[in-house]
Amino acid sequence: MKAVKIGLLGLGTVGTGVISVLKRNADEIARRAGSEITVVAAAVRDLSKPRDIDSSGIRITDDPMSVVNDPEIDIVVELIGGDGVALDGVNKALENGKHVVTANKALIALHGNEIFKTARSKGLVVAFESAVAGGIPIIKSIREGLSANRIEWLAGIINGTSNYILTQMTEGGRNFDDVLAEAQALGYAEADPAFDIEGTDAAHKLTILASIAFGISLQFDKVYQEGITNISSEDITYAQKFGYRIKHLGLARRTDRGIELRVHPTLIPEQKLIANVNDVMNAVLVQGDAVGPTLYYGAGAGSEPTASSVVADLVDVVRTITTDPENRVPHLAFQPDTLSDLAILPIEEIDTAYYLRMGVINRPGVLAAITEIFGNKGISIETISQKENGDGKEDGEDKVSIILLTHNTKEGHLCDAIKQIEQLDTVYGSVTRLRVETLS
Ligand code: HSE
């Protein structure tokens, strides 16, 4: 088979990794794919920017459309990010009959349903392993390795930047802004780091994972999303005291009433393997009915780890070029005409346990009033603890923090209880609420 020619859209952290890996492992990659894979063109934003790669034989241009319109190119690799130029480039590549490999989770989460429809109608492949959890082959594992299973739930640390920040805050006592700046310098963070720390990046990735796990269409707008910006070192310390670590988790769970789809900071028991996944590393725990719990761990970002998934997709696409388009692995794991319309539950309907921290006046009867509210809402308290040292004075009276862990309850009931507690004149400020998952 003649060499397969690749055009890159974007030559940043991941693009340069793709070129390095393809060059370094060229022989083994060709033995696996059955053909040489050669990058012949790359579109960049700034032609004058110095690049630390051997770009011999590669046409460098600042016009992405000249790459997707180049008749010599068989596969377009989209590494621009976002859904502006990237979406136009991918659509045009498909229109021109080219297969696509993309690392762009926003593109797939927001536009994947239409993109896959177009690709199917033209017998083309759109591969996106690197869009979720960088170098971990999680898409392939769920879509192919676990295809015998009914997936019950999955939970993942799927944003390396958030994990890096929480780890450094937990273990190094470092401050949020410093650690974020470092993650940006290391090339882990998104172009707009708000996507990392507000949970949007994780929500994009969870949208994709849930779709291939449950056989549902991509529904980013239904994901409940909270980031890590409100996590204080105080809560990290209390969580540790109770035997938990705070991790930013994406969680998708099938229930009798529909699917829970949520990303938020979560207390996880410290003895769980996933609670010990630190720094920029990612991990995804998948529970299948036949296999039981399975855990996938690896680098969630970075140049060559992400390139590892991009190049694996290239090998897959090259292998499928000669196969019947009707008999390929479906983009979203399930045959497109069998996708189910299972409801995604609103956040008020989810069922989980909670960590609560509140400031109260240290006076008899305060706890009784709080626990009465929980009792009336049918919420059971697992643990209650009062900070040993007070928090100073409020109107001449001693203030103190109370930490509470609840058993599982509906989020709607918990929110009602919090509203009532915040109205008590013995409670000051707002109640801090974090979800707790045992992942068992
Ligand atoms: N900004 C992402 C992260 C990069 O921190 O995980 C990989 O998608």
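Reader: How many aromatic pairs does a search of the whole structure find?

Author: Two. This is a predicted model: local features need pLDDT of at least 70, side-chain atom pairs count only at pLDDT 80 or more, and totals for chains, interfaces and linings use all residues. Residues are numbered from 1 along each chain as its sequence is written, and side-chain values use heavy atoms, leaving out hydrogens and water.

Reader: Why is the pair of Phe116 and Phe128 called tilted?

Author: Rings of Phe, Tyr and Trp (its six-membered ring) pair if their centres lie within 6.5 Å; planes under 30 degrees apart are stacked, over 60 edge-to-face, the rest tilted. Here the centres are 5.4 Å apart and the planes stand at 35°, so the pair is tilted.

Reader: Which residue classes make up the shell around the ligand?

Author: Three residues are nonpolar, four polar and five charged. Ala, Val, Leu, Ile, Met, Phe, Trp, Tyr, Cys and Pro count as nonpolar, Asp, Glu, Lys and Arg as charged, and the others, Gly among them, as polar. Among the surrounding residues are Tyr188, Glu190 and Gly300, so these are nonpolar, charged and polar in turn.

Terms used:
Near = heavy atom within 4 Å.
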